[in-house]
Every structure is written in structure tokens, then in C-alpha cells.
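Okay, thanks everyone, let's get going. I'd like to walk you through a few contacts in this one, so please have a look at the screen.

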Amino acid sequence: MSDTKLITGGGASIGAAARAPWKALGRGEGGTAIPSQDDSAVGVGVILFLSAVELVLVDLMLSALWARVVALVAGLAAAYLMTGFAVALRAYPHRVGGGVLTVSYGASFHAHVPLSLIEEVAVRRTVSDQQRTAAINQGVLSVPVMSTTNLVLKLHEPARLEAGKTVGEVREIRIHVTDPAAAMTSVRNALEGNEQAKEQEPARPPAKAPGQVPTWLRRLRWAGLLVLLIEIVLVTTGLLDWRIAAGILVVTEGTLSVLGLVFGVAFISQYRKLRRTGLGRRAAFGEAFYSLMPPPIAEMVRHEVSVWGILARAVTFRTQAGPGDTPLGWVGFAWQSGALAVLLAAGGVSLLTLAGVSALTIAGTAALLYAAAAAAAFAVAGRVRPHTLGRDDVVLRWGLHHSTRVPLTAVSRVWAAEQSDHRPADDGFRVPGRASGALELHLGEPVEVPARMGVLRPVTTIVVPLADPAAAHALIEAHQVEEAQ
């Protein structure tokens, strides 16, 4: 195999991790950098804090001076290397230059892809359950970040990859970048021979989408959790006298109060921005509120709030359909979840009445009743959250709070299928649910749908399980005809 059909690289490197902090402070290499990570400050902060706590604990456990010195040196070296691996995510971005695209994942993986091998580059988000940093599956090299890739590189012909333990034949490469559009432009310019002209142009910051969370706020929203973690560790480990710990408690609570004021100002700013984009008061309030939280925490809070919101709507016989919206169909009462809710509620009441009143039985009863409420919410969610047809879009809802809006202008074709077992490809999405039939929406332009933990991915086909897809098909077509006239 010739050199042009060989992709070389390497795996995890301690030397690269050791050089990463200094490399992050220095100037970058030649070519155009394509970042793959937003920031590593939070990870570095956690590593340094835990390393400091570990060094103090080990020092207190050892008595011999030589053992304490050895433990200190080993601890500092380990902390430096762990910090290097975290900083390497920013110090070693993807880079295109000199006729080569270097695909990197910090100090854990890199591969030098000759530009002559690349035939096409496109933006396409894919979510997978891949466990390794880089893996080859059916001729596709995937280098994800948080299980997500969003840039696809197709090769002219299969090439052999030899990068550490990652070896095999590759026809397609999928990577993650922070700005897919800018990355695609950089690679295409390099493929077209315009790399030098591109480097001479002043870099323009990417335009922010309306309502996008500012970078400083995305970094700051972890600060409250880190302050609480530091507070808990210092007090529970007993490293400090209780009087000093009480003083630290006052300081940390004061810090949290200041953060609360900052978050309040940020909330008002986000709310106003979202209102200017056309969102209603309730929707803008919710989005601004959840933008102040880290994505995993926001997802959990949404889930908890949705449980009680769905139950409240069910009791008052209301749905989430907006004024003037036409229901396209909904999922009936989930009898399995309903039966589970009854059993859990009965178990909670029985526990309290039979075992007597105590702290343990009260806690067990509360847990069972909450589980019963969650099961009841799942049972009635299909009725409370129907799919609807509005004036300008179709709103699809599933689960307790997930939804997506499909503009009618993006719908190129609607198809009613008698079977709902259709499985879309990577560029498709199947709305969770069970029904005898399904409505297929084929889109002329991509629409983003939720994947996991708030991650979005673009799709061009959406399959919606419905009991009567023909009726929904007729409603959408009639509405499109009416709007066209």
C-alpha cells in the first residue's frame, strides 16, 4: 500500500500529556486549528483540588520523613500528568495544514490524514455508545466527545490506519468539533488549495445563535457545585478545627450568595434575549432558568418539574396543546405504568399503617408515594402531551418533557405508513412510542431533535407512531394547501 493510502498516528502518550500545559501557554503550530473542546478549566480545577486533598491525607497517614517526601513527589507528579491529560484536550486541537488534517483527542490519540485522501466533508451529528476514545467500526473511524460526533470526512478509497492500538481499514472518519460550520469551511479551503489565503484573512468569531448561553456563563454555572464540594470535603474529613470550618462555611455561603446575584443578572439577560427571539413568557422563563444549570442537572430538574406539571394538567383535564392547535394524535393511557402507580401508592400507605410511625417508615412511604407519582405521570403523559399541528409548525412530544418543533416550510413530503416498526438511518429520528401505524415526515432542510442530556442532532426524516396516521396526513396536507392559497 502506498504512503498516500496510509494514515499514521499514535495512541495515549505520557510525553504529550507532560508537554500539554506548556504547549497550551505557547503559540500554536502552523496551519488552522479546529478546536474540539469548549473548555477544560472545570476538569483541571477538580483534579487540582482532589490532588491537594489527597496529598494532605497521605501526609497525615505517614510518619517517616522519607516516606512523606516520596509520597509528595509521587503525588505532585501524578497531579501534573492528570492535569496534562486534561489540558491536552485544548492544547492539541484538530489541525489542518501542510497537506495534512491531524485528528486529535488530547494526548490520548492522534492521526495524520493526508488531504489527498479526503473526498468530501460534511456536517452531520451522530450519537453513539462508543466507550473507547477512538474506534473503527465497519470502516468508520469515530473520535467522539461525550459520545457525539458532528463532522464527517469521506475518503476517496479505503486507507489503512495505524495509530497506536487503533488499527484497521477506514473509509470514513467522524470527529467532534466546537464549530462544525467553520471546521467544514477550513477543511474545504484546504482541499481547494486556499489554505494560505484563509490564514491571511482575519478570524471572525462565530455568530451566536439567538438565546445561546454565553461562554462565561457555561463555565460559571459549575462554580456553585464546586464550592459546595469543597465545603463538604473540608468539613467532613476533619482536616480543620470546627471553628475554622465554621468560618470557611460563612465564606463559602457568602461566595454562593454572590454567585446567586450574578446568576440573577444572567437570568434576566437570557430571558430578555429569548423574548426578543419570539418565545412566549413561560417558554423564555423556562429556557433562561435551565440555562443557568449544567446540562445533566438541568435534565434532572426538567424531569422532576414535568412529573408534577403533567399530573396537575391531568387532574384539571388540560393538555399542552396551544390555542388554535389541532391534535394529530396521542398515545393512550399506559396501563402498565398506571397499575404500577396504584401498587406503589398502596404499598406506601400500607407501610405507614402497618409498621407504625417512625423516621424510617416515613422516609419509605415518601419514596414509594413519589415513585407512584412518577409512574402516574408516565401513564397519563400520552394524553396530556399530544402531537399538534399549529399554524406554522408541527410539535411532536414524547416522554415527560421532550419535544421538537418541525416548521411546515421544512416538510417536503408526508407519508402515512401502516406499520410503525420503521428504523431510520443516522439522519433520521423515530419518536418514542407504540402505535399500529406511523407518520413519516421527510424534510427538505434538517431539523434538530434531542438525543441525550440536552444534546441535539440534525435529521431529515422523522417517524411518528400514530394510531391513525392517514387522518394526520390529511390534516397536514389540507393545512399546507390552505396556507398556499
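Quick question to start: does F429 count as buried or exposed? With a relative accessibility of 10%, F429 counts as buried, since buried means under 20% relative accessible area, exposed over 50%, and partly exposed in between, using a 1.4 Å probe and protein chains only.

Before I go on, some housekeeping. This is a predicted model, so local features need pLDDT of at least 70 and side-chain atom pairs count only at pLDDT 80 or more, while totals for chains, interfaces and linings use all residues. Residues are numbered from 1 along each chain as its sequence is written, and side-chain values use heavy atoms, with hydrogens and water left out.

One is W308 with Y370, a tilted pair at 6.2 Å centre to centre and 50 degrees between the planes. W308 sits in helix α10 (residues 295–315) and Y370 in helix α12, so this pair ties together parts that are 62 residues apart in sequence. Helices here are DSSP runs of H or I, at least four residues, and strands are runs of E, at least two, numbered from the N terminus. W308 is partly exposed at 47%, and Y370 is partly exposed too, at 31%.

Then back to F429, which forms a tilted pair with W398: 5.3 Å between centres, 50 degrees between planes. W398 is in strand β13 (residues 393–398) and F429 in strand β16 (residues 428–430), 31 residues apart. W398 is buried, at 9% relative accessible area.

Now, α12 again. Helix α11 (residues 335–355) packs against α12 (residues 359–384) at about 165 degrees, axes 7 Å apart; axes are lines fitted to C-alpha atoms over the stretch in contact, and angles run from 0 to 180 degrees between N-to-C directions. The two are therefore roughly antiparallel, the word for angles over 145, with under 35 roughly parallel, 65 to 115 roughly perpendicular and the rest oblique. As for what that contact is made of, its residues divide into 16 nonpolar, 7 polar and no charged. Nonpolar covers Ala, Val, Leu, Ile, Met, Phe, Trp, Tyr, Cys and Pro, charged is Asp, Glu, Lys and Arg, and the others, Gly among them, are polar.

Methods. Phe/Tyr/Trp six-rings, centres within 6.5 Å; stacked < 30°, edge-to-face > 60°.
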